[in-house]
Structures are given as structure tokens and as C-alpha cells.
Amino acid sequence: METLRTILSRIRALFLQGRLDHELGEELRGHIELAIEENLRRGMTRKEARTAALREFGGVTQVREQYRAQRGLPWIETLVQDARYALRQLRKAPGFALTVMLTLALGVGAVTAVFSVVQGVLLRPYDFRDSGRIVVWRERIRELENVTPLLPDNYRHYLNLKAHAKTIEDAAIVQPSGFSVATGVTGNAADELAHPHEAEGMAISPNFFSVLGVTPLLGRSFTAEEAQPGRDAEVIMTWAAWQRLYHGDPSVLGRTIRINDAPMTIVGVLPQSFRFPVMSVMPGSATFGSTERYEFFRPLVPMPSELIAEDGDFNFVVVARLKPGVSIAQAQSELDGIEKAAAVANRLTIHLSVIVEPFAQEIAGDVSKPIWLVFAAVFGVLLMACVNLANLQIARGVTRAQETALRAALGAGRWRLLQGVLIENLLLGLGGGVGGIFCALLGEKFLILKAANLPRMNEIHLSAPMLALALCLSILTALGFGILPALRGLRATPQRLLQGNTMRATGSREAVQSRRVLVAVEIACSVTLLMVTALMARSFSHLLTQERHFDAQRVALVRADLSAPRYSSGSGLPEDPGADRGSLARDAMIDRELERLRALPGVQAAAMTNVIPLSGDASVDGLVRPDHPVPKGLEPMANRRFISPGYFEAMGIPLRAGRNFNALDRAHPRVVILSEKAAQAAFPGEDPLGRTLLHWNRIYTVVGIAADARINDLRRDTSVYYLPYWDFPPTVPVFLARSTQSAEALIPAVRQSIWSVDAEVAIPAVATLETQVADSVATDRFQTLVLSSFGGAALLIAVLGIYGVLAYSVSLRTQEFGIRMALGSSRTGLARLVLWDASYPVLGGVLLGLLGAAGALRWVRSLLYETSIADPWAIGASLAVLLAAALLAALLPVRKAASVDPMQTLRTE
Amino acid sequence: MGESKSDVMQGTLDLMVLKTLESMGPLHGYGIARRIEQVSGETLVMNQGTIYPALLRLEQRGWIKSEWGLSESNRRAKFYSLSRIGKKQIEMETENWERMAATMARFLAPSN
């Protein structure tokens with residue numbers, strides 16, 4: 001009770017200091033007066049009375065101090081005092097303060113922004129129930145391991161594994177898909193909304209949502225009956241789609257929506273929190289994207305061929321949930337065993353295995369290394385910033401040495417002095433932290449803009465805890481790097497420091513040494529970072545400038561969806577082409593559209609293909625020679641593409657031998673054109689022209705060889721066999737139009753031409769070939785861009801560091817330089833001296849950096865495209881840039897040294 | 001009891017101040033200091049100024065109250081007086097002291 005009273009009284013006194021001081025003064029004066037009076041009464045003289053009174057009283061100042069210590073909260077008072085003092089000191093050295101705060105802000109801000117990406121994309125678990133137990137399993141064919149290490153899943157194998165696996169709680173099979181969606185809300189025919197819109201989603205087995213642990217917000221999931229052909233006219237939509245199309249109307253269940261021009265019943269709406277990342281059937285395919293892209297889910301009904309195929313039709317992805325307590329390794333070995341046993345039982349000629357991966361890894365696996373690389377880089381930059389901070393603090397410590405010595409001599413305790421330094425650094429850390437928060441927010445905007453392709457980027461945001469963490473990081477960094485020089489400063493005894501000049505020089509010489517070591521470390525970091533950046537930049541430029549053998553300029557791409565019932569009657573089996581109504585309708589549509597395209601103003605070439613360029617491998621099949629049979633599964637693999645005759649002209653792919661398809665082939669369409677690689681693989685050492693290939697039970701004759709072009713991926717030539725489309729018109733044709741104007745300008749006209757042929761056709765995607773190319777290397781571009789900016793920042797920091805140390809050491813040595821000049825040294829001699837001085841840390845740093853780089857580059861090797869880690873240009877360029885920067889940094893101090901006036905320096909201290 | 005020497009000194013001074021106020025009634029700082037000197041028979045030589053931190057401490061604990069008033073020579077002075085809690089505190093402290101004195105006495109008595 002007493003202590004509480006006391007504390008309250010002390011707190012109160014904090015705010016009333018002025019008045020209380022005044023009162024105490026009055027009281028003490030009164031006391032002395034009364035004492036003097038009594039002494040006078042005793043008979044002393046006035047003077048004696050006063051002296052006696054004061055003596056009896058004791059030290060007034062000490063009493064005052066004791067009183068004050070008793071009265072207030074001395075600890076807080078000293079803190080406030082130190083804080084005010086620190087602010088004053090910082091205001092007197094604005095350059096120092098601003099540099100420190102800016103360095104902290106940039107370093108901490110960048111680290112926080114990048115960390116939010118790391119956390120959001122790589123580390124944060126998915127929102128599903130027990131998401132650690134969700135896995136993806138894929139298959140592998142040993143014979144194809146070098147070409148495709150992982151394959152999609154086969155339906156029969158899925159059924160078999162699901163039935164027999166004991167380590168799996170449940171498994172769902174899915175296939176990402178695009179749908180054309182029309183809500184049946186009619187409007188003006190010319191209005192874009194009147195036409196069906198493409199949306200993305202998946203075809204799923206009925207247990208998909210239960211595997212994830214997601215319960216629909218409205219309605220239900222699919223039933224097993226609905227996964228049958230003819231009974232699958234149901235759809236489930238996400239919350240966002242529900243809001244967009246039906247404005248959250250709760251009576252949406254049971255209503256009809258047209259998907260792919262067929263009526264479907266809405267049976268469920270997913271909760272708002274449901275997010276699913278974009279998946280691709282082929283592993284490691286190019287684009288990822290927002291987790292809000294999938295909007296519609298349909299029951300998965302496999303095609304008849306997929307129900308019977310044992311060694312083909314790998315067209316699906318399986319998402320499964322492990323039983324509790326089961327590890328991935330256990331699941332994989334069990335599934336692998338079941339798969340191999342089934343392969344033996346079915347006497348398959350290929351060797352199958354099953355690979356199980358955690359769900360998160362399947363989604364983010366390809367980007368995790370680049371992201372960690374960027375994080376390491378930004379951390380390196382922060383480290384360098386810290387080194388600069390330490391440098392600045394050391395210099396400041398030496399400048400303040402005298403003042404510190406004075407305070408120590410006057411009785412300031414060790415802790416009090418340290419406290420002062422800590423407070424100053426705390427203030428700097430706070431300022432830097434606030435700036436850091438600002439920088440982090442800016443950085444986040446920049447990253448989201450430039451890295452929109454990374455998975456889950458739409459879910460990244462800087463939460464308040466992360467920003468608070470940034471503030472703490474800034475404060476800790478400031479404190480950490482300020483404390484070491486402060487401790488060193490405290491070691492020195494006051495006499496030494498107060499002795500002034502000579503001692504100052506010696507004490508600071510230690511400081512200069514440590515600073516030089518720090519600069520060397522800084523340079524080492526710079527070297528490593530610059531080399532990594534240079535290599536990545538070179539790799540990226542290789543990627544872009546490699547001969548692609550197609551011309552991406554001014555080509556518009558428009559994809560049409562011909563999956564409506566009028567276009568798709570027929571068995572759909574590839575074995576009976578052309579004859580059914582659906583095929584004929586598609587043929588007609590494509591023919592008409594190609595005519596319309598050719599007629600558009602400015603169009604030089606119009607064509608059609610079945611796969612959009614730069615979207616990875618698709619329709620990979622074996623090249624079978626009837627005259628040279630090879631065991632099944634061991635044939636050379638190539639992408640199959642259906643094209644119109646104008647394709648090679650539209651894409652700018654030259655023909656190397658033979659001829660293109662022409663109108664005459666329409667009557668006898670069993671012709672094929674091979675790419676150079678495919679021709680080499682199928683007919684090694686022979687002339688392929690006139691030879692035959694077996695495809696879907698028919699004989700095709702090779703009539704032409706096209707140049708190898710990188711139509712799937714800029715990283716490698718695609719092995720392709722081209723077939724004319726007439727027998728197998730694609731359900732989702734991609735129209736290309738090369739024009740004399742810009743591709744963007746052409747797109748609306750292409751759209752209109754399609755709608756003029758058939759107004760109900762959905763246009764799923766429009767793009768230009770240039771943007772397709774750019775998008776396919778988006779991750780690489782992001783990496784290069786970000787690393788370059790960090791490389792630049794590192795260089796800047798290194799330059800500042802070198803400049804700081806050199807300028808400082810020159811300023812300390814002005815007297816020495818004056819003496820040297822007086823003794824006959826020339827100005828160039830002085831300049832040489834300074835440069836020599838600077839060269840030690842620089843060279844030492846470069847050597848250290850080369851060692852460090854040797855290790856770091858090994859780790860980066862897998863990210864490089866056709867660039868060796870010992871690339872002479874990259875290494876030479878980074879070293880040259882660094883040395884140039886070091887020279888630049890040394891310029892001003894050298895000039896200052898050379899322009900020393902001996903008369904001036906010898907006169908002043 | 002784990003008190004430091006200065007605590008003990010403070011404790012004794014506190015008790016002396018309280019007793020002084022109890023017997024003399026409200027008094028200003030100078031008066032209290034002089035009175036303590038007199039009662040201890042001029043053997044206690046202390047710096048009079050140290051009374052003020054002690055008075056502050058007692059006031060913070062709520063054992064005494066203060067009020068500005070006029071001294072005999074018509075000077076403005078701060079007068080201190082016992083509070084109700086202070087009176088009770090005197091009893092407790094006195095008991096403590098007597099107990100401690102008795103224990104010490106037994107300790108210091110010649111062993112027979």
C-alpha cells in the first residue's frame with residue numbers, strides 16, 4: 001500500500017517538477033534563515049551566524065539532489081534527459097542522422113517486402129483443413145525420365161491406387177479446364193456481355209472438396225452419380241463468381257447457367273475463404289498466377305479412351321490426403337509398390353513409378369529457388385547497410401571521445417554513458433524503422449506489379465505484425481551496430497582521451513583499422529552480389545536472344561471455344577475422324593474464319609493451330625515408323641500440332657526442305673511436316689522426305705521439314721510433327737494473324753470476325769505473340785530485375801562505405817600531409833599515398849569476395865540458362881564495375897589530400 | 001533482516017521524526033531538525049539538510065502531511081504533522097525497535 005502511494009506520488013511529481021523545485025527552494029531558504037536567526041540570538045555576528053548555519057545544514061546541492069532522487073522517478077528522468085540530449089546531438093549532425101536512418105529504412109524496408117513474398121508464396125500454409133497432409137501424386141515413366149521426369153496421372157492407375165492404398169485417406173482426381181460461361185442474361189447483341197465469357201476452373205471427382213476439407217457455403221458437392229456421362233450437368237461456383245454474376249442472390253441454387261453452351265444446374269457455392277492455386281496438368285509448366293482464378297467446378301467424366309488406357313492418356317492430376325501419422329515417404333513407397341505390381345500384372349512394356357509431393361511444393365516448387373535467391377540477395381544488401389552503419393558509428397564514437405571522457409571525468413557512471421548511446425541509437429532505429437515501413441509498403445507495390453505471375457501473389461499483403469517486426473528489426477540493427485563502437489569507446493580511460501591531439505590520432509588509428517576491415521567485408525559482399533547479378537542478367541539475355549526461328553512481332557492470337565453441342569457431336573475418339581457432324585461444323589467454322597481473317601486490312605498471313613504458342617509442351621506422342629518398329633514407349637517423342645497451311649508464314653518459321661501443306665492436300669490429308677529435331681530423331685542419317693509415319697492407325701507421308709523453333713518454351717527447340725487440321729479440327733482453335741500494323745490494334749477486328757461467323761462462340765483468350773513470349777519468361781525477368789536493383793544498391797552502399805572511410809582517414813591525416821608537403825612531397829605523391837591506402841581494403845575485399853562468390857555461384861548454377869558460372873564476361877564486368885566504383889569513391893578524398901595547404905595545416909591543430 | 005546500513009539509518013531517522021511530531025505537534029523542517037538534535041543530547045551530529053529527503057519519504061508513504069503556514073518570525077514555512085496512519089506506524093515501529101533492542105541486549109550481555 002505504501003509502495004503504491006509512493007509510486008503514485010513519484011509519478012505525480014514528474015509533471016510538477018517546476019513548481020516543486022520552487023517550493024523546495026523556498027523551504028530550504030527558510031530553514032537557513034531560521035538557523036541564522038537562532039545563531040544571532042546566541043550572539044554570533046551576522047557573518048558567523050550565516051557560516052555556522054550553512055555548515056550545520058550540510059551541502060545544499062547534495063540535499064537538493066537527494067530530494068529530487070527521492071521525489072521523482074529518476075530513471076525516467078534520466079531517460080528523458082538523455083533523449084532530449086540525443087535529439088539535440090542528432091540535429092547537430094544531420095548528415096550522419098539522415099544517412100543512418102535512410103540506410104536503415106532502405107535495408108529494413110527491402111528485407112520486409114521480400115520477406116512478405118517469401119512468407120506469402122512459400123511459407124504460409126494453405127487454408128485447407130490440416131493442409132500439411134495434402135499431397136499431389138504424379139507418375140513417372142522410366143523410359144521418358146530424361147525428357148519428362150514427372151507426368152500427369154492416368155485414370156485407371158488412379159482408380160487402382162485409390163482402391164488399394166492404405167496410407168491414403170482419400171484421393172481426388174482433377175483436370176484444370178476452361179469453360180465458356182453465359183448466365184443467359186440477354187442484352188444488346190453488339191454488347192460484349194451478350195457473348196459467352198471464358199472462365200477457368202476444374203473438372204473434379206466428387207470427393208475433391210472433402211479431400212481439401214472444404215464445405216460449400218450453399219448447396220452441396222457433387223455426388224457419385226453426377227460423375228457419369230450424360231448426368232454431369234451440374235456446376236459449383238466460387239463465392240467471387242457468385243457475387244459477380246448473381247450479386248450474392250441466395251436463390252441461385254437450382255438455377256440454370258450455360259457452360260460451354262449447354263445448360264447446367266448450379267448445385268453449390270463455395271465459401272468466401274476458398275482459394276485454390278492454378279494447377280497445370282504438365283508439371284512445371286510456365287505460368288502460375290492468382291489463387292482466385294478458378295471460378296467454376298464441374299464433375300469430371302473421363303473420356304472413353306481414358307477409361308481403358310493403361311499406358312497412355314496421362315491427362316489428370318491427383319490431389320490426395322494422407323492418413324494421420326503417415327509420412328510422404330511411406331505413402332510414396334506404398335503407392336509405388338501398388339503401381340509396379342499392377343504394371344507387371346497388366347504386362348506393360350513401360351516401367352512406371354509414382355512420385356508423391358507435398359501440395360505446397362507442387363505449386364511453388366519451381367519458384368522457390370529464385371525467391372530464396374532474391375531473399376538472400378536482399379539480406380546481403382541489408383548486411384552491407386549494417387556494415388556502413390557500423391562504420392558511421394565508429395567514426396562518430398571517435399568524434400565524441402573527448403566529450404565522453406569529460407563526462408566520465410565529471411562522474412558519469414559507465415551505465416549512464418552507455419545509456420546515452422543506446423538512446424541515441426534507439427531514436428535512430430525508430431526513425432529508420434518508420435522509414436522502413438514506408439519503404440516496405442512501396443516495395444510491396446513494386447513486387448506485386450512486377451511479379452504478378454508468382455503463385456499466391458494475390459494473397460500477399462504486409463500485415464501489421466510484419467510491419468511491427470520491421471520496426472523492431474530496425475531498432476535492433478541500430479542498437480546492435482551502435483553498441484560495439486560505444487563499448488570500445490568506454491574502454492579508453494579519460495586521461496588518455498583528454499590529453500588531446502596525439503592520443504586522438506592513436507585512438508582513431510584503431511578506429512580506421514576496424515573501418516577498413518569493415519569496408520573489405522562490404523566489398524566482398526558487393527562482389528558476390530554483383531557477380532550473381534551479372535550472371536543472371538547474362539542468362540536472361542541469352543534466353544531472349546537465342547535464335548528462336550520464329551518472328552514474334554505483330555502477331556495477334558485469338559483462341560475460340562468450339563465445345564458447344566453443335567460443334568461436338570460424335571464419339572470424340574481420334575480413331576474415327578472427320579465423318580461426324582461436329583467435326584464438319586468445326587472444319588467449316590475454321591475455314592470461314594481463316595477466309596475472313598485473310599480479308600482483314602493489313603493482314604499478311606492468317607493461320608490456325610490447336611495449342612497457343614509459348615505455353616509449354618502439350619500433346620506429346622511417339623513417332624512410329626511402320627518400316628522400322630521400335631518397342632512401345634521407346635519411340636522418339638514429339639509434340640503434335642494441328643495447323644492450317646498459313647501457319648509457317650504467320651509464325652515466321654522457315655521451311656528447310658520439301659514443301660508446305662497446300663489446298664491439294666485437302667483431298668489427301670495424310671501428310672505430315674516434321675521439325676528438324678523430330679526428323680533427326682525419327683530418321684537418323686536418312687532423308688525423311690517421302691518416308692512414312694504411323695499415326696492413329698493411318699499412314700502419313702512426310703512432305704516437308706520445318707526449322708526447329710522454340711514455340712513451346714524459349715529455353716529449347718521443340719520437337720514437333722505438324723498435321724493439317726482438316727481431319728481433326730481442334731475444339732479450341734487458336735487463330736493467328738500477322739499484320740503490318742501492331743498486333744494489339746488487330747485484336748478487336750479478329751474478335752469481330754469470329755463473331756461474324758458465329759456469334760455464340762466464346763473467345764477464351766486473346767494475346768499477342770510478343771506478350772506470350774514475355775509472359776513465358778516472367779519469372780526470369782522478375783529475378784533479373786530485382787537482382788539488378790539489389791546489385792545496384794549494393795554498389796551504391798559500397799561506394800558510400802569506401803568514400804566514408806577514405807574521407808575520414810584523410811581528414812585525420814591533414815597534419816601529416818602538410819608536413820610531408822613541407823618536406824618536399826609532391827601533390828601526386830600524396831594522391832598516390834591515399835590511393836595506396838585505399839587499395840588494401842579494396843583488394844582484400846575483392847579476394848574475399850571471389851572466395852565467397854565461388855560458393856554462392858555453385859548454388860545459383862541451376863537457375864542459369866546456357867551460361868556457365870565462370871562466364872568471363874560476367875565476372876570481368878562485375879570486377880571492372882566494382883573497381884571503377886571504388887575509384888570514383890576515392891576521387892574526392894584524393895583530391896582533398898592533394899589540395900592540402902601546408903601553411904594552413906601546420907598552423908592549426 | 002536484510003536491510004542495508006543506510007536503510008537502518010533512514011529507519012531510525014524516520015522514527016525520530018514521527019516521535020518528534022507526535023510530541024511537538026505540527027512543526028517546520030528546521031524545528032524538527034533542531035528538536036532531534038536537542039533530544040539526542042547533541043550527540044547526534046547530522047547534516048540538518050538530510051531531514052528533507054526523510055520528510056519527503058514520510059510524506060510519500062502517507063505517514064505525515066504538510067501545509068504551508070507562517071513561522072514564529074512571520075516567515076512562510078512548510079509545516080508537517082502526523083496523519084492517522086502515521087500515529088499507528090509509530091506504535092508498530094516502536095515495537096520493532098524495542099524487540100530488536102531486547103534481542104541485541106541478550107546478545108551483548110556477558111555470558112554467565
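Which helix of chain A does A:Gly120 lie in? I looked this up before anything else. A:Gly120 lies in helix H6 of chain A, residues 94-123. I take helices (H or I, at least four residues) and strands (E, at least two) as DSSP runs, numbered from the N terminus.

Conventions. The model is predicted, and I keep to its thresholds: local features need pLDDT of at least 70, side-chain atom pairs count only at pLDDT 80 or more, and totals for chains, interfaces and linings use all residues. Residues are numbered from 1 along each chain as its sequence is written, while chains are lettered from A and ligands numbered from 1 in the order in which they are written.

Entry: A:Gly120. I checked burial, for which a residue is buried if 20 or more other C-beta atoms lie within 10 Å of its own, exposed if 12 or fewer, and partly exposed in between, with C-beta atoms placed from the backbone. A:Gly120 counts as buried because it has 21 C-beta neighbours inside 10 Å. I then listed its contacts, where two residues are in contact if their C-beta atoms, placed from the backbone, lie within 7 Å. Apart from neighbours within four places in sequence, A:Gly120 is in contact with A:Arg456, A:Glu459 and A:Ile460. From A:Gly120 to A:His461 I read 7.9 Å, C-alpha to C-alpha, across 341 residues of sequence.

Entry: chain A overall. I find 26 helices and 22 strands in chain A. Of its 909 residues, 41% are buried. Taking the contacts in chain A between residues at least 6 apart in sequence, 83% join residues at least 24 apart.

Entry: cores of chain A. A nonpolar core is here a set of buried Ala, Val, Leu, Ile, Met, Phe, Trp, Tyr and Cys residues joined through C-beta atoms within 7 Å. Which residues have the most contacts inside the largest nonpolar core? They are A:Val381, A:Ala794 and A:Ile802, in a core of 109 residues. I followed A:Ala794 and, leaving aside neighbours within four places in sequence, found it in contact with A:Gly380, A:Val381, A:Met384, A:Cys525, A:Ser526, A:Leu529 and A:Leu530. A second, separate core has 63 residues, including A:Val558, A:Val603, A:Ala762 and A:Ile763. As background, nonpolar side chains tend to be buried together in soluble globular proteins.

Entry: strand S6 of chain A, residues 234-237. A:Glu234 and A:Ile236 point one way from S6(A), A:Val235 and A:Met237 point the other way, and all are buried. For pairing I require that DSSP finds at least two bridges between two strands. S6(A) pairs with strand S8 (residues 262-269) of chain A in the parallel sense, over four bridges. Within that pairing, A:Val235 stands opposite A:Ile266 in S8(A). Two bridges also join S6(A) to strand S9 (residues 294-299) of chain A, and these two run antiparallel. There A:Ile236 stands opposite A:Phe297.

Entry: strand S13 of chain A, residues 603-609. Five of the seven residues of S13(A) are buried, which leaves the strand mostly covered. S13(A) runs antiparallel to strand S21 (residues 734-739) of chain A, joined by six bridges. I noted A:Ala605 opposite A:Arg738 in S21(A).

Entry: chain B. I count four helices and three strands in chain B, in the order α-β-α-α-β-β-α from the N terminus on. Of the 112 residues in chain B, 29% are buried. Residues 24 or more positions apart account for 47% of its contacts with a separation of 6 or more.

The sheet of chain B is open, has three strands in the order S1-S3-S2, and pairs antiparallel. Strand S1 (27-28) and strand S2 (64-70) stand at the edges with a single partner strand each, so one side of each is left without a neighbour in the sheet. Seven bridges join S2(B) to strand S3 (residues 76-82) of chain B. One pair is B:Lys65 with its bridge partner B:Ser81 in S3(B).

In helix H2 of chain B (residues 29-39), the buried residues are B:Gly29, B:Tyr30, B:Gly31, B:Ile32 and B:Ala33. B:Gly41 follows H2(B) with a positive phi, near 70°.

Entry: where the chains touch. The contact takes 21 residues from chain A and 19 residues from chain B. H2(A) gives the most to the side of chain A that touches chain B, with eight residues.
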